[in-house]
Amino acid sequence: MHRIYRIDYGGAPRYAVERDGKWRLASGTPFEGLREEDSIDSKTARFLPPVVPSKIVAIGLNYKDHAAEQNKPLPKEPMMFIKPSTAIVGPGEAIRVTPAMGRVDHEAEAGVVIGRRAYRVPASQAHEYVLGLTCVNDVTARELQAKDVQYTRAKGFDTFAPVGPCIAVADLGFPGREVTVEGWVNGDRRQSSSTRELIFDIPTLVAFVSSVMTLLPGDVISTGTPSGIGPIRPGDLVTITVGGVGELSNPVEAL
C-alpha cells in the first residue's frame, strides 16, 4: 500500500507519494499515472484536498446504528445524494458555520475514490474502478435537513465536505479488508465503527451509483456515517480517522 497526497509545492498543487514513511514528489496524476521524482520533507508540505472531484456522491443511512439513532427504517436500496465540489476543503481548513444554520453536526465517513471512468459497473468488478480510500466529514446542518426533507441545502454549504489527508491506494474497505471509521471532537471520540457494519458494502455502492450516473476519475463515494453524530461549534477541532488512511482534522470557525 502507498498513499498519495496533493500538496502546495512552491505555490502550485503537486502530488506526492508516501511509501513506508518516505516521501517523493510526483508528476502526472493518480488517474493517468504518477512518476515519482525527488525526495521531499513532508514536514514542510501544506496539504490540499487529495482530489478535485466533479461530485461527491454520499450515501445516507448506511449503518444500522445510525439509522436507529435517526429513528428511520433501514433502506431497501442505497439512499444517495450529492454534495457539490464547492463544499470541499482540505486538511486544516476551517469548517465555517453561522447561527442561521442551526445545529451543525460532524459525520465521519470512509470515502471511496474512483480511479477510472465508471458506468454500469458490476459489483464483481468494482475493485477495478476504485483507486483507494480517503477520509470524509459529511458536515450537516441538522435542523435544515429536517426542515427541507431533501438534503441539498443542509449538506451543501461551502466547507461542508472536508476530504483528506490522502488517498490510501489499496483495496481497503472491501469485504475481507474492512477498516475502522472514527469521529473525534476536541480529542473526545464520538463515533467508532467499521466498514464491516455497512448495510451496503463498497462493491454494491459502486455498482448502484454507476448504474445511475457516470463516475469520473477523482469522484468520491462517501459511504455513510456510523452512530454518534453530534453538534460542532466555533472553536472545536473535528478529526475523522479511517484505518489505513490517516487523520483529517479541521477547526470550526464562525463565518
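Predicted model: local features only at pLDDT ≥ 70, side-chain atom pairs only at ≥ 80, totals over all residues.

Biologist: Why is the pair of Tyr5 and Phe47 called tilted?

Modeller: The ring centres of Tyr5 and Phe47 are 5.2 Å apart, and their planes meet at 40 degrees. Strands here are DSSP runs (E, at least two residues), numbered from the N terminus.

Biologist: What makes Trp23 and Phe47 an aromatic pair?

Modeller: Trp23 and Phe47 sit 5.9 Å centre to centre with 40 degrees between the planes, which is tilted again. This pair joins distant parts of the chain as well: Trp23 is in strand β3 and Phe47 in strand β5, 24 residues apart. The structure holds 5 aromatic pairs.

Biologist: Is Phe47 buried, exposed or partly exposed, and how do you know?

Modeller: The cut-offs decide: buried means under 20% relative accessible area, exposed over 50%, partly exposed in between (1.4 Å probe, protein chains only). Phe47 has 24%, so partly exposed is its label. Tyr5, at 9%, counts as buried, and Trp23, at 11%, is buried too.

Biologist: What makes Ala26 count as buried?

Modeller: Its relative accessible area is 1%, and the limit is under 20%, so Ala26 is buried. Ala26 is found in strand β3. Its contacts (heavy atoms within 4.5 Å) include Arg14, Tyr15, Leu34 and Arg35, not counting residues up to four places away in sequence.

Biologist: How do you know that β2 and β3 pair?

Modeller: Two strands pair if DSSP finds at least two bridges between them. Strand β2 (residues 12–19) and strand β3 (residues 22–29) have 5 bridges in the antiparallel sense, with Tyr15 opposite Ala26. Their hairpin has 2 residues between the strands, and Asp20 takes a positive phi near 55 degrees there. On to the next strand: β3 and β4 (residues 33–39) run antiparallel, joined by 5 bridges, and Ser27 stands opposite Arg35. A hairpin of 3 residues connects β3 to β4.

Biologist: What makes β13 and β18 edge strands?

Modeller: Each pairs on one side only: β13 (140–141) and β18 (230–231). They belong to an open sheet of 3 strands in the order β13-β10-β18, with antiparallel pairing. Strand β10 (residues 104–106) and β13 share 2 bridges, which meets the limit of at least two.

Biologist: In which sense does β20 pair with β9, and in which with β19?

Modeller: Strand β9 (residues 95–97) and strand β20 (residues 246–254) pair in the parallel sense over 3 bridges. Strand β19 (residues 237–242) and β20 are antiparallel over 6 bridges. In the hairpin of β19 and β20, Gly244 takes a positive phi near 90 degrees.

Biologist: How do you know that a charge sits over the ring of Tyr151?

Modeller: The test is that NZ of Lys or CZ of Arg is within 6 Å of the ring centre and within 35 degrees of the ring normal. The charged end of Lys155 sits over that ring, 5.7 Å from its centre. Arg116 lies over the face of Tyr129, at 4.2 Å from the ring centre.

Biologist: And what is called a nonpolar core?

Modeller: A set of buried Ala, Val, Leu, Ile, Met, Phe, Trp, Tyr and Cys residues joined through side-chain atoms within 4.5 Å. The largest one has 54 residues, and those with the most contacts inside it are Leu133, Phe160, Ile221 and Ile232. Apart from it lies another core, of 16 residues, among them Tyr15, Ile56, Ile88 and Ile167.

How values were computed:
Residues numbered from 1 in each chain as written. Heavy atoms only, no water. Helix = DSSP H or I, 4+ residues; strand = E, 2+ residues; numbered from the N terminus. Phe/Tyr/Trp six-rings, centres within 6.5 Å; stacked < 30°, edge-to-face > 60°.
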